[in-house]
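Hello,

Here is the structure for your files. Please open it alongside this note.

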Amino acid sequence: MELLAFNPGALRLFAGLADWPPPLRNFARYAFLHPLARDVLDDWDEQARACVGRLRALAGTEPDAPDLADLVGELLAKSPDFADLRNRFDVKPHAPDPRTFHHPEVGDLHLGYESMPLEQSHKQRLVVFFAEPGTSHHDKLILLDAERGELGLDVEEGRLSRRRAAD
């Protein structure tokens, strides 16, 4: 669940994640420990349950992995919610249903989601969030991916427009 690489929009989609140093960027850590996660993730309860199930499944395949043990230990110590969910012994995978994000900069985004294993690495996955081109959700993804101040969303017109960055 380590976040190894991402485009600027993906990093900004998870509001506040960019403030953490790269070694701490982990989806489970974000879900349980970041103060914005519950507001950003519309289905936080489902996401949190899925995180615990995924960590439990990973522990079943690599019970001696020190980074996994360290992460679980950190979450047990810092998140009562994680500890409660972990005691349920749920390993049900999370379905790739559409996701809703409540982003503090661009508002609500309803995005499709795909998670694909990488052929040459059984431990890594490519995760893609997407929106139908021409929709406001697609425009908001473009805003997240743009340099700050480069694009603006004309709320009344419902379209993107170029603007100059503030001096």
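My notes on the core, a hairpin and a surface patch follow.

This is a predicted model, with local features needing pLDDT of at least 70, side-chain atom pairs counting only at pLDDT 80 or more, and totals for chains, interfaces and linings using all residues. Residues are numbered from 1 along each chain as its sequence is written, and side-chain values use heavy atoms, without hydrogens and water.

Core first. The largest nonpolar core has 34 residues. (Such a core is a set of buried Ala, Val, Leu, Ile, Met, Phe, Trp, Tyr and Cys residues joined through side-chain atoms within 4.5 Å; buried means under 20% relative accessible area, exposed over 50%, partly exposed in between, with a 1.4 Å probe and protein chains only.) Phe 101 is among the members that touch the most others, as are Phe 14 and Leu 41. Beyond four places in sequence, Phe 101 contacts residues including Phe 14, Leu 41, Leu 109 and Phe 129 (contact: heavy atoms within 4.5 Å).

Next, the strands (DSSP E runs of at least two residues, numbered from the N terminus). In β1 (residues 99-103), four of five residues are buried. β1 and β2 run antiparallel, joined by five bridges; strands pair if DSSP finds at least two. His 103 has Gly 107 of β2 as its bridge partner. A three-residue hairpin links β1 to β2.

Last, the surface. Met 116, Leu 118, Leu 126, Val 128 and Phe 130 make a nonpolar patch of about 380 Å². Patch residues have over 30% relative accessible area and no salt bridge, with nonpolar side chains joined within 5 Å; a salt bridge is a side-chain nitrogen of Lys or Arg within 4 Å of a carboxyl oxygen of Asp or Glu. β3 gives the most, three residues. Phe 130 lies in β3 and counts as partly exposed because its relative accessibility is 39%.

Best wishes

Methods. Patch = residues over 30% accessible without salt bridge, like charges linked within 9 Å, V, L, I, M, F, W, Y side chains within 5 Å. Areas by Shrake-Rupley, 256 points an atom, 1.4 Å probe, with all protein chains shown as cover.
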